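Please read the report below with the sequence and the structure side by side, taking the single residues before the whole chains.

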Amino acid sequence: MAYGIRLHVWGERACFTRPEMKVERVSYDVMTPSAARGILEAIHWKPAIRWVVDRILVLRPVRFESIRRNEVGGKLSAASVRKAIKAGRTDGLVTLVDEDRQQRAATVLRDVAYVIEAHFELTSKAGPDDSEGKHLDIFNRRARKGQCFHTPCLGTREFSASFELVEDDAGMPSPHPELLTSCDLGWMLHDIDFADGMTPRFFRASMKDGWIEVPPFRGTAA
Amino acid sequence: MILSELYDYYQRLAANGQVPRFGFSTEKISYALLLNVDGSLIDEPLDVRDTSGKKPVPKMMTVPQPEKRTVDIKPNFLWDKTSYVLGASGKSSPRIADEHAAFKALHERWLADTEDPGLRAVLLFLRQWSPERFAEFSPAVRESLLDANVVFRLDGEHRYIHDSPAAEQLRSRMLAEGDATSGCCLVTGEIAPLARLHPAIKGVNGAQSSGASMVSFNLESFTSYGKNQGENAPVSELAAFAYTAVLNHLLRRGEHNRQRMQIGDATVVFWAHAATSDQAEAAELAFAGLLDPPADDASETAKLRSVLDAVAKGRPLRELGLNLEGDTRLFVLGLAPNASRLSIRFWYTGRLDQIARRLADHYLDLELQPPPWRSEPAVWRLLYATAAQGKAENIPPQLAGELTRAILTGSRYPRSLLANLIMRMRADHDVSGVRVALCKAVLTRDRRLGVSGVDLELPMSLDRTNTDPGYLLGRLFAELENVQRAALGKDVNATIRDRYYGAASATPASVFPMLLRNVQHHFGRLRKDKSGLANALETEIGQIVDGLHNAFPRSLRLEAQGHFAIGYYHQMQSRFKTKSSVDPVAIDETDE
């Protein structure tokens, strides 16, 4: 891929939440393309570009762990936040966990590492001086330096990811021998179609020797 | 993958008719109203309950699936509880009139233009029924009829009205007409009408009696992108029905259901996918036997041993003649309740021979000589050892799921297991065989998996040449207690184990010098009565202290405290192996 990049990410824990098991979280077995896009966007993104994930390489075996956490049951409404902004005070803008406690268990992944292969495309918002080469250089520079807008995360914000740019084929890590088989991962979340009322799109995922091929994101098509 | 595997299992079961088809479910029915063709009631409502036991048990019948109702009034089709059908209920509430009216309205709407005699009878019955007529029934019937579920039957027919072909046709029309939005289902990948609410799952221990949900978004903080209820996870109605129907089937209570077991707070269900249903059943029985060995059934124990032996020698399971195939896929799902939701404690799929091998490894890790049990302990028995006072509700949360996951996947045992056991032993001074075996299992497996920092080969039985300080200190402590017991007699109320076990295992340097000083008093007493025994004990203590070299360690790490417990147990068992009278370490053989 001419304007493609390869990024090695790893972390101690990850939770790529299944949409149906959102309350008592259960993670997918591997990283979802939308999570991969989120990591790339954390490093570099402008309205002029759109990241497209091509392949994901799974490096470590799939291991799960169960943790239980205290969370809250409600959200602050947008209306109350707006009121606070207008009033200039945040007095009533509070959630007390004692009144609204929810204990939620989560089944998260342990010791994950992936290599994300992706490229980006210019969108309609690209200006005259936006070119693929320019954005590719910016991304590479930032990834080498470890710069990011916000710390990239592995599914949910509390599981932060460390990242490193894979410069050339020599530096490409290889997957654990346990993963060198083919297996079917079922229907996985591809991404959310924000243009179409936040509809989730799914694709049939399968892993071959650690590689997961991600089909192109069909926006409005089913 | 959980939902898609459940969906596949549903398809297999539905092909055999073992689960209700789409739109139907099995519910508890107590009474049937017998109707004439003109809708009048014949006689009293017929009691269809099973009266073979002490109490009459409602019969499980396949009826049109009930609506999920929490606060709304939603009548069911051709059956419901008496507050809906007859307008009478044990609790007086203003809703009853509304409920009955809703039931009548639903049937007016769907049965208005039917010509089937059974359905017309129901319609006519509802038109002429008034709730006051409930008092006409005999008192005995009235008492048990209130708030029970009732169905209808036409006089002269054997089957119930909801089973008739006309009713089924009407039901499929009802199901087809829905106002659900269509979308891509995440279980099947097809475009289908999506479920807004998923049916309830009943049968999980500790959950709400009205049923809990695995997929639910009932609070604001559970929703995303401003979506409501089922829109957060698009699952088609058929898939939602399928996975809940098959889960309810797996969770059914009864002696004959060997597809569920309770491990701590988690209800575990499992099923197999094999070439024939016989093989699947055999595989499920084998798995149940491996994970929960029956303590009293000798033939079952023998079968289990043969499976474990075959796996240990690497022979295929096919040769055992138990109709087992090594490549049968087994699916294990652990569910735990959390108010109105179900939490997934673990999900595991694998081949039968793989699982058998992992369980064999688990029992090997647990092995202790002399064995503190007659037959291999089930997982739930191991968990009781970690609970205060041996009560199930005191088992630390999450531990059940993590331990079962560790056993099935062959990964390290949960770290909290060792910490909990050490804490329990210090708190109630009970260094029981099960606890020691679990400590040994955790440490042995860590060493086998190559965890850094763990390199001590743990002996199964007493090893006099082992020089690990924790192990030696445990042995020393046991010998000191033996001296005390020998000197003071067998009915000592509290030995040094009750007073000093915790301190001795955690901070040996502060306790052992004092214990060694005091043991001389006991030796003095002992030499007067049993000098032979005194000599034997003295040489043993001398040998142990020799192995300790310079000084007592100031404190012991968690793993070393585990070694301490194992050394204590080994030494105690070797001393009292031949004597059957006094047994300070209780052998855990009874069922909890």
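## A buried threonine in chain A

Thr32(A) counts as buried, because its relative accessibility is 5% and the cut-off for buried is under 20%. This residue belongs to a predicted model, and Thr32(A) sits in the loop that runs between strand 1 (4-14) and helix 1 (33-43) of chain A. If its neighbours within four places in sequence are left aside, Thr32(A) is in contact with Phe16(A), Ile56(A), Met188(A) and Leu189(A).

## Chain A as a whole

Chain A contains three helices and eight strands, and read from the N terminus its elements follow the order β-α-β-β-α-β-α-β-β-β-β. Along the principal axes, the C-alpha atoms of chain A fill a box of roughly 55 × 50 × 40 Å, and 47% of the 222 residues of the chain count as buried. Among the contacts in chain A with a separation of 6 or more, 75% are between residues 24 or more positions apart.

## Backbone details in loops

Asp209(A) has a positive phi, near 55°, although this residue is not a glycine. Asp209(A) lies in the loop between strand 7 (199-208) and strand 8 (211-213) of chain A, and with a relative accessibility of 35% it counts as partly exposed.

In chain B, Gln398(B) is another residue that is not a glycine and has a positive phi, here of about 70°. Gln398(B) lies in the loop between helix 11 and helix 12 (399-409) of chain B, and at 10% relative accessibility it counts as buried. A further loop of chain B, between helix 10 (352-366) and helix 11 (379-384), holds Pro370(B), and the peptide bond that joins Gln369(B) to Pro370(B) is cis, with an omega of about 0°.

## Helix 14 of chain B

How far apart are the end C-alpha atoms of helix 14 of chain B? Helix 14 covers residues 433-448, and at 1.5 Å a residue its 16 residues should span 22 Å, which agrees with the 22 Å that separates its end C-alpha atoms. Just after helix 14 of chain B comes Gly450(B), which takes a positive phi of about 75°.

## Chain B as a whole

The secondary structure of chain B comes to 19 helices and 12 strands. Its radius of gyration is 32 Å, whereas a compact globule of 592 residues would have a value near 25 Å, and along its principal axes the C-alpha trace of chain B spans about 100 × 55 × 50 Å. Of the 592 residues of chain B, 53% count as buried, and residues 24 or more positions apart make up 68% of the contacts in the chain with a separation of 6 or more.

The accessible surface of chain B is about 26,400 Å², and 49% of that area belongs to carbon and sulfur atoms. Chain B has 70 positive and 72 negative side chains, and the centres of these two sets lie 6 Å apart.

Key
Residues are numbered from 1 along each chain as its sequence is written. Chains are lettered from A and ligands numbered from 1 in the order in which they are written. This is a predicted model: local features need pLDDT of at least 70, side-chain atom pairs count only at pLDDT 80 or more; totals for chains, interfaces and linings use all residues. Side-chain values use heavy atoms; hydrogens and water are left out. Helices (H or I, at least four residues) and strands (E, at least two) are DSSP runs, numbered from the N terminus. The expected span of a helix is 1.5 Å times one less than its number of residues. The radius of gyration is taken over C-alpha atoms; the globule rule is 2.2 Å times the number of residues to the power 0.38. Buried means under 20% relative accessible area, exposed over 50%, partly exposed in between (1.4 Å probe, protein chains only). Contact means heavy atoms within 4.5 Å. Accessible areas come from the Shrake-Rupley method with a 1.4 Å probe; for residues, only the protein chains shown count as cover. Lys and Arg count as positive and Asp and Glu as negative; His and the chain ends are not counted. The place of a charge is taken as NZ of Lys, CZ of Arg, CG of Asp or CD of Glu.
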